[in-house]
Amino acid sequence: MASSLREKQIQALKRMINFNQPPTKATSSEPQWKVLVYDRFGQDIISPLMSVKELRDMGVTLHLNLHSDRDPIPDVPAIYFVLPTDDNIQRLCRDFGNQLYESYFLNFISAVPRQKLEDIASAAIQQNCVHQVSKIYDQYLNFISLEDDMFVLRNQERESISYYAINRGDVKDTDMEFIMDTVVDSLFCVFVTLGVVPVIRCPKGNAAEMVAEKLDKKLRENLRDARNSFFTSDSIQTGQFSFQRPLLVLLDRNLDLATMLHHTWTYQALTHDVFNLQLNRVEVEETVEAKSPGGAMLKKKKSYDLNPTDRFWQAQKGSPFPMVAEAVQEELDSYRAQEDEVKKLKAVMGLEGEDESAISQLSDTTAKLTSTVSNLPELLEKKRLIDMHTNIATAVLGQIKARKLDAYFETEEKLMSKAVLDKSLMDMISDPDSGTPEDKVRLFVIALICGPPMSEAEIDQYCVALQGANCDISPITYIRRWKAYTKMTAAPSQYVGGGTKTVGMFSKLMTTGSQFFMEGVKNLVIKKHNLPATRIIDALMEMKSLQDVEDFRYFDPKLLRADASSVPRNKSPFQEAYVFVVGGGNYIEYQNLMDYVKTKSGSAGQRRVVYGCSDISSASQFLKQLGHLGQEMG
């Protein structure tokens, strides 16, 4: 039985590809051939979950974009996986007219409205192909699972539900309604896929509250409609955590802007910050020697998939970078030892002479050779993964050295934990060798939000220095206004117990023979601390009284009558929680929650926290959004 959201989504996709029947052994061994047609949203949902090989194993011979030019394949059924938008429905109807496929299985990513169903029906009648439209399904899969414990709502067109879209000054009520409805529709899909109705908590007076009210209403309406409810089997759901309902905590991005701009030190978050990890795929620029007579060095981009099936990635993605570099080195050494074994076997197999020892050695060798041959695919896969992580980590290390990211990370951690700085902010901003202009703006915004209070004159002085260093200061314009607007005078105190400590650099990585020559990079160890989102989750899951959550609203869609004065009924701590940030999130926040879960699991049973956000933004993407907001204030 699938327990995680990711596994349940994969299960639903496999069922859909098998003509909405649960896959059986018979269908696995002899699948029926079919064509899969998706739009860009459908492609984003499938690509992190299923490889081309897995699709092929399920009988998908071709997978095509709905809006590409497609040739007719008259004797094959087609499975469509698209959003019910006007453009998509029109294209679908054109496919009917062009008689592209033998039969059509229409799967909509989220619920198709009645009006659009009627459009499809009338097109099918006009084109005389009603008998070919075999099935129409609402799949309720309008979200993207990136990890077992992480999901996002959008990758394509994510600007429409971004922090900028929600917070711009001239946003119309109709635009806001559309954004909130989009978010609610996707969250509804998440809980339909899980088959559970959550208890909802959210702060007052922001976008998260609007989402909570709408989601509560949508879940309530579905529960009332007993015949068509998705949650009727809720009580008999057999799952690891089914004995207790999960908690859904909706948060607004404005709760914590500093984390979105923070320079990080863990592998996954660094890869995202530096190379914009997208849908579990990262593009790295590598220098290769050209085959031309001149032998010049060329730069080319190579993309790598970082899948949850990659053991090294799963084990190390949350580790500080120096530990990752050491782990890659260890993997490399162990692989080389195995490779040497194979080379020795080759030498022994060429034995000459017929003496006793040679014969006995040969029989041992034959046994070893048999096991080596059976281990060869595993060894080759190990080699591929080591090469991949070596290339990624080397590229990340190059960026750390070029931009002095270790110094930025250390300074920001000190600002967040109120420690004394070794090097003044002004020195870092005016140092031409220290980071890019973007790095400097990120550092200053964090100092503005978390550091000691500054006077307007001081801020102006820093702005002049930043402009002198070629920085765009429009994000600072927005943050100054944001600080004045928000009643967040207590915000800086939310970042507690952070900081770093420097330990002696690993001797293994200081020798020039190592793959990672780490000289000049500090070996920083992060002190465990909880970011604002994690502290709120801790308080709500554990039923603690914390000032930050005292005025959080409570919604329970299963209660018959809802009113604004609903008080939490739950007296026992929650075992499972879903955190959703309206306005974007990042891997630093995700990793902080996962570290929190590790500290809690075991003490009182298995805890589980799943992190979700409207979109994953890298620091530079988020800074651009703040810049646009600042320019509009201009």
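Residues are numbered from 1 along each chain as its sequence is written, and side-chain values use heavy atoms, with hydrogens and water left out.

Confidence, then. pLDDT is the predictor's confidence in each residue, from 0 to 100. The chain has a mean of 86, and 83% of its residues reach 70 or more. Residues 234–242 fall below 50, and that stretch has 16 contacts (heavy atoms within 4.5 Å) beyond near neighbours in sequence. Residues 488–493 also stay under 50, with 6 contacts beyond four places in sequence. Where pLDDT is low, the predicted coordinates should not be read in detail.

Now the largest pocket. On a 1 Å grid over the protein atoms alone, a pocket is an open set of points with protein on both sides within 12 Å along at least five of seven lines; a cavity is a set where a 1.4 Å probe fits but cannot get out; lining residues have an atom within 4 Å of a point. Volume is the space filled by probe spheres set on the points, which are joined across faces, edges and corners.

The largest pocket holds about 1,100 Å³. Its lining has 41 residues, and Asn280, Arg281, Val282, Ser303 and Asp305 are the closest to its centre. Strand β10 (a DSSP run of E, at least two residues) gives the most to this lining, with 7 residues. Domain 1 (5–141) and domain 3 (258–318 + 403–526) both contribute to the lining, so the pocket lies between them; the bounds come from an automatic or database domain assignment.

There are also 6 cavities of 30 Å³ or more.

Last, salt bridges, meaning a side-chain nitrogen of Lys or Arg within 4 Å of a carboxyl oxygen of Asp or Glu. The whole structure has 32. One of them joins lysine 53 and aspartate 57, at 3.0 Å from N to O.

Note on methods
This is a predicted model: local features need pLDDT of at least 70, side-chain atom pairs count only at pLDDT 80 or more; totals for chains, interfaces and linings use all residues. Helices (H or I, at least four residues) and strands (E, at least two) are DSSP runs, numbered from the N terminus.
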